[in-house]
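Good morning, colleagues. Please look at the sequence and the model on the screen while I take you through the fold.

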Amino acid sequence: MRRVRPGASSRASAERSLTSVAAGATYTDTQAAGEQDERQEAETVEAPRLWHVTLSVSGAEAPLKEVRRGLEQLAHDHPFLLTSRYAPDHAEIRYWEEARDLHDAAAVALRLWGEHRQSAKLPPWEIVGLEVIDRDTYHQRIAEGYGPLPATPVGVHPF
């Protein structure tokens with residue numbers, strides 16, 4: 001295809017011709033470099049990492065026995081659940097999530113309560129807080145004495 005000045009008549013497509021040019025050594029070197037870049041990008045794709053998630057939910061009061069039973073069912077359904085603390089009108093869930101990056105871990109955490117509300121018969125509470133930190137940050141906070149306390153004892157406990 002050729003470019004023409006504005007206002008100049010264009011030729012019919014039958015008159016256009018395409019020609020090929022030999023690639024030469026420069027093209028081969030550029031192509032090889034591009035393929036190498038693609039391989040390096042594929043190799044540097046982050047492997048899943050562990051993220052410490054603290055999810056806080058709150059809402060209208062519910063019977064403590066029902067809240068506890070629902071959180072125990074959630075712990076059974078969600079294998080990485082570390083600990084849950086609860087009261088009649090709020091709860092805190094802490095667990096490890098394996099995800100590629102913070103965005104993925106947070107997205108899963110934000111869906112957790114809603115997706116398990118029916119199966120675990122959880123109260124119809126809303127998410128009011130979310131903290132997602134990587135494993136190194138979690139351990140650094142613990143070592144410095146100002147992070148969330150280690151999740152012991154593991155399980156479902158009242159506040």
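A word on the source and the terms. This is a predicted model, in which local features need pLDDT of at least 70 and side-chain atom pairs count only at pLDDT 80 or more, while totals for chains, interfaces and linings use all residues. Residues are numbered from 1 along each chain as its sequence is written, and side-chain values use heavy atoms, with hydrogens and water left out. Helices (H or I, at least four residues) and strands (E, at least two) are DSSP runs, numbered from the N terminus. Two strands pair if DSSP finds at least two bridges between them.

Let us turn to the individual pairs. Strand E1 (residues 49-58) and strand E3 (residues 90-99) run antiparallel and are joined by 10 bridges. Within this pair, Val 57 has Ala 91 of E3 as its bridge partner, and Val 53 stands opposite Tyr 95 in E3. Strand E2 (residues 81-86) also pairs with E3 in the antiparallel sense, over five bridges. Here Ser 84 has Ile 93 of E3 as its bridge partner. E2 and E3 form a hairpin, with three residues between them.

How much of E3 is covered? Eight of its 10 residues are buried, where buried means under 20% relative accessible area, exposed over 50% and partly exposed in between, with a 1.4 Å probe and protein chains only.

Next, the helix across the sheet.

Finally, consider Lys 65, which belongs to helix H2 (residues 64-77). Lys 65 counts as exposed because its relative accessibility is 74%. Lys 65 and Pro 88 are 23 residues apart in sequence, and their C-alpha atoms are 9.1 Å apart in space.
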